[in-house]
Amino acid sequence: MSLYMYLLVAAIIFTIGAYGVMTQRNGIKILMCIELLLNASNLNLVAFSSFSGNATGQVFTLFSIAIAAAEAGIGFAILVALFRVRDTINLDNINILRW
Amino acid sequence: MFSDYAALIVLLPVLAFVLTLFFGKKFPSGGAALPIAAIAGSFIISFGIFLEIYPHGTVQQSMQWFSTLNFGILIDPLAVVMLMMVSFVSLLIHIYAVGYMSHDTGKPRYFAETSLFTAAMLAVVLSDNILQFFMAWEVVGLCSYLLIGFWFHKPTAAAAAKKAFLVTRVGDVLFLAGIVLLYVNMTNILANTGFSLEPGNFMLQFKSMFAAIPYIAPTQLTIITLLFFGGAVGKSGQFPLHGWLPDAMEGPTTVSALIHAATMVTAGVYLVARTFPMFVEAPNALLVVAYVGGFTALFAATMGLVMNDIKRVLAYSTVSQLGYMMLALGTAGMVLGAKAVGISMFHLLSHAFFKALLFLCAGSVIHAVGTNDLREMGGLFGKMKITATTMFIAALALGGFGIPGLHIGTAGFFSKDAIIEGAYEYGHVTGDMIPYVFSIIAALLTSIYIFRLWFMAFSGKPRQDRHAHESPKVMTIPLIILALFALFFGFSQAGFYGYLETNFELMGVEIGVHEGEALHPSTLILWLPIIVGVLGLVISYLIYNRRILDMSRIVTRRNPVYQILLNRYYEPRLSSYVIGEKLTHGVVAMSGEFFDRKIIDGLVIDNIISRTLLSLGDVIKKLQTGVVRNYASVTLLGVGLLIILLRIGGM
């Protein structure tokens, strides 16, 4: 398989994620879409790394995955806390910080 | 033929884990059949490999992971006996758990987790490099955490799981530091000395490590081995990191039998045995191993004397017996060389059989009477004949009963006497009798507490009118099989030692095996362990069965010794109150809060910079619509523009 196939898959995943982030209102769905964005870029890194024979990209991806895990953990914790206070995770209703 | 499928030993239980976790509810009894079949497969492959490589073969497979590291399988005599024990005991306990967990709603989760645990434990055993060993070691720790907290709705269970995780983590960090230090040393000597890896060998493989020993500076080697031993102390519940193991009894009894008696806690001993050539070259580290082990053996046994929870008695007994194994590695390692590994591993295996049996019997009793408290049991012998008999056999094995002259005895007799004789030999050669004295006193206490447990549970009059009944066949048959092993495993001693002695020669390491003149000690030394064992049995019989000695005046809240033992030397209070509340919360967290609140906030807020920014912010804040999707769209738009600009700019 050529490098372009990997990049194409990554691009498709990225687009789906971007679309989701822009259109969804549910906090959990948005977080999931952000994970898609991250994983699309991880896929790119791994693909490039594998095709160029340089392990740096893979190591970088490991870091990225670890940080994504932390991010998801914090994100969901915030959503749980939010749900307890506001009884909703529809982000359109969460706007008291607006001015 | 079996050797080609060595990887399946680990992969089968992993597969069972995935299937049980996702589809367990759809199968009868929570999908128990899947892990049982998978682990039976692991056992068959392990046994097949044993038959193939016996007496002088190894299985080695390895593939590159990245740069100088690898994934691989190493099955040598040390690993293959351990593989057979782990898969066999795990298999029996899984079968037993079908009966024991039959009323629990979380069965799929239980069987999935124990299956993952078995896979990880087998992966620890057959790792051919220290890094893979460490990774599997961590997965084992995770499973231990999950299974201790299996009934997570009980606050004590959740707290015990957390404690186990945090305390073993202290050891794991030391272990990891040891691996890093070893890696640094290996890199150094590869660059600066004549040492080079053989083609096809990788940096952190055990055989490369052993080959590098002569090139590593002795002080460095001592530090590395001590750090490794730190990991072993955490995992095997040695002093001072022993506190988590008795608390871990909050999990289901089958978990205690599998993880906290037979397999996981012995991983620490296995680690020291695995890297034994390094320890032998670092006598100071070996001395630490001997003393920590000997002290733990005695220390834990004293607490086992007074516990009223049937499982806690057994937990302290486990800690104590693990201390014996460490003691064997340390003392016998110093004077007998490679033979120490055989002595220690033999006790590890026989302990796995009789301690798993003790726990499963305790589980059977708990299943029948519905309480852990020994004071509420009693008189169960008539109602639970099989459990009582098998538990008595296990108690005999733990007490090390046998006849030295005739070479007849239980498994524990052969294995424990060899350790005590090893300690005596060490004392004889070096003049340092302290480990030997520790081991003899601990043997006396062992015999007292285990028969105290047995008499309190099974003899006398029932102290509560519960309708206790014998457990179903699915539970008693594993008990009987384990009891046979506890009785007869000891007779494989000679063959076992011979088999393991060659272990490190197969790896290309020469460790002197000294026969030692004093290994044929005087009759008194030979008989002393069994004498103290019988003495313990008699003492327990007089106090707890015949009630000739009145203990009520000694066992009171006013007796300071009893108080200290019952409070477990105040270790739980030390770890939760002093370390947890005072040190972590009081000192570290509070000083962090002070820095944040007073210094950072104090400097930035309430001055001219902040006020200018605030008024500027009043203007710009109108941009904030409060709708997250707008922000996301603008961000993406911005990134898109940036990319287009970069293209135009010719990047």
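In the predicted model, 12 residues of chain B are in contact with 12 residues of chain A, two residues being in contact if their C-beta atoms, placed from the backbone, lie within 7 Å. On the side of chain B that touches chain A, these residues divide into 5 nonpolar, 4 polar and 3 charged, where Ala, Val, Leu, Ile, Met, Phe, Trp, Tyr, Cys and Pro count as nonpolar, Asp, Glu, Lys and Arg as charged, and the others, Gly among them, as polar. Residues are numbered from 1 along each chain as its sequence is written, and chains are lettered from A and ligands numbered from 1 in the order in which they are written. As this is a predicted model, local features need pLDDT of at least 70 and side-chain atom pairs count only at pLDDT 80 or more, whereas totals for chains, interfaces and linings use all residues.

Chain A contains 3 helices and 0 strands, helices (H or I, at least four residues) and strands (E, at least two) being DSSP runs numbered from the N terminus. Of the 99 residues of chain A, 10% count as buried, a residue being buried if 20 or more other C-beta atoms lie within 10 Å of its own, exposed if 12 or fewer, and partly exposed in between, with C-beta atoms placed from the backbone.

In chain B, strand 1 (residues 59-64) and strand 2 run antiparallel and are joined by 6 bridges, strands being paired if DSSP finds at least two bridges between them. The two strands of chain B form a hairpin with 5 residues between them, and B:Ser67 in the turn has a positive phi of about 40°. B:Ser62 stands opposite B:Gly72 in strand 2 of chain B, and 5 of the 6 residues of strand 2 (residues 70-75) are buried, so this strand is largely enclosed by the rest of the structure.

Helix 11 (residues 267-274) of chain B is mostly covered, with 8 of its 8 residues buried. Helix 17 of chain B is largely enclosed by the rest of the structure, because 16 of its 20 residues are buried, and just after this helix B:Gly431 takes a positive phi of about 80°.
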